[in-house]
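Please look over the model shown below before reading the comments. They are meant for someone who has not seen this structure before.

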Amino acid sequence: MRYPYFSAPLVLFVFLLLPPVSFGWPGDVIRVVDGDTLVVMHQGKQVEIRLYGIDCPEKDQDFGNSARDLLKALISGRKIEVTEKDQDQYGRTVAMISVDGSSLNEAMVNNGYAWVYRQYCKDRVCGSWIAAENEAKKTRKGLWNGKVIVAPWDWRHRKKAPQEHAVVEKESPVILIGG
């Protein structure tokens, strides 16, 4: 059977019209570290994953445990799919995570337990995540129902700052006179 000469260009054209497809790998969650970090088994190795484009309250911060518990609940007993985006300064894989075809990253924002990390979120999905964050704020979901709301990057900076700029006062020596 002979194919017309225009078949290859036509196939290429149709392929270029398709949305970009990123390929992920399946994984089993071993441990949830906090609201935006988990450890996954992949090809017999443990891989620490940082959720792309979001930042959740730290463990010692208000709502930190709630964010971690929500992440656990969203993945409990389910297979996940990891689509790697980058590697962070701590050697963690930065990734989009899907659970049953839905974005785990986005679910954390929708439920009000994550900020869109605008400094690092550069994908086209980030715009819809920002809209979801604004909706969570408006409806006071999750951490947005708190009295004092501190972004995790500000909380980390404040926690580190006293150590960097601590002023140590010298104590006067104690002098004992007499016996």
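The numbered points below go from the overall fold to single residues.

1. Basis of the note. This is a predicted model, in which local features need pLDDT of at least 70 and side-chain atom pairs count only at pLDDT 80 or more, while totals for chains, interfaces and linings use all residues. Residues are numbered from 1 along each chain as its sequence is written, and side-chain values use heavy atoms, with hydrogens and water left out.

2. Overall fold. The protein chain holds five helices and eight strands, and from the N terminus its elements follow the order α-β-β-β-β-α-β-β-β-α-β-α-α. Helices here are DSSP runs of H or I with at least four residues, strands are runs of E with at least two, and both are numbered from the N terminus. Of the 179 residues in the protein chain, 37% are buried, where buried means under 20% relative accessible area, exposed means over 50%, and partly exposed lies in between (1.4 Å probe, protein chains only). Contact means heavy atoms within 4.5 Å; among contacts in the protein chain between residues at least 6 apart in sequence, 60% join residues at least 24 apart.

3. The largest pocket. About 820 Å³ of space lies in the largest pocket, and of the 27 residues that line it, R50, Y90, R92, Y117 and R156 are the closest to its centre. A pocket is found on a 1 Å grid over the protein atoms alone, as an open set of points where a 1.4 Å probe fits, with protein on both sides within 12 Å along at least five of seven lines, and lining residues have an atom within 4 Å of a point. The grid points are joined across faces, edges and corners, and the volume is the space filled by probe spheres set on the points.

4. What lines that pocket. At least two lining residues of the largest pocket come from each of β3 (45–51), β4 (54–55), β5 (80–87) and α5 (152–164), and α5 gives the most, with six residues. By type, the lining of the largest pocket divides into nine nonpolar, five polar and 13 charged residues. In this scheme Ala, Val, Leu, Ile, Met, Phe, Trp, Tyr, Cys and Pro count as nonpolar, Asp, Glu, Lys and Arg as charged, and the others, Gly among them, as polar.

5. Aromatic pairs. How many aromatic pairs does the rule count? The count comes to six aromatic pairs, the rule being that rings of Phe, Tyr and Trp (its six-membered ring) pair if their centres lie within 6.5 Å, with planes under 30 degrees apart counted as stacked, over 60 as edge-to-face and the rest as tilted. Y117 and Y120 form an edge-to-face pair, 4.9 Å centre to centre with 80° between the planes. Y117 and W153 are stacked, 5.2 Å centre to centre with 10° between the planes. Because Y117 lies in the loop between β8 (115–116) and α4 while W153 lies in helix α5, this pair ties together parts that are 36 residues apart in sequence. Y117 counts as buried at 13% relative accessibility, whereas Y120 at 46% and W153 at 30% count as partly exposed. Ring pairs also link W115, Y117, Y120, W144 and W153 into a cluster.

6. The disulfide. Taking a disulfide as a pair of cysteine sulfur atoms within 2.5 Å, the count comes to one. C121 and C126 form it, with their sulfur atoms 1.9 Å apart, and the torsion about their S-S bond is about -90°, so the disulfide is left-handed. C121 counts as buried at 8% relative accessibility, and C126 counts as buried at 4%.

7. E133 is found in helix α4 (residues 126–138) and is buried, with a relative accessible area of 1%. Not counting residues up to four places away in sequence, E133 touches V109, A114, W115, V116, R118 and W144.

8. Backbone points to check. Most residues other than glycine have a negative phi. Q43, however, has a positive phi of about 50° although it is not a glycine; Q43 sits in the loop between β2 (37–42) and β3 and is exposed, with a relative accessible area of 72%. F63, also not a glycine, has a positive phi near 75°; F63 is placed in the loop between β4 and α2 (64–75) and is partly exposed, at 28% relative accessible area.
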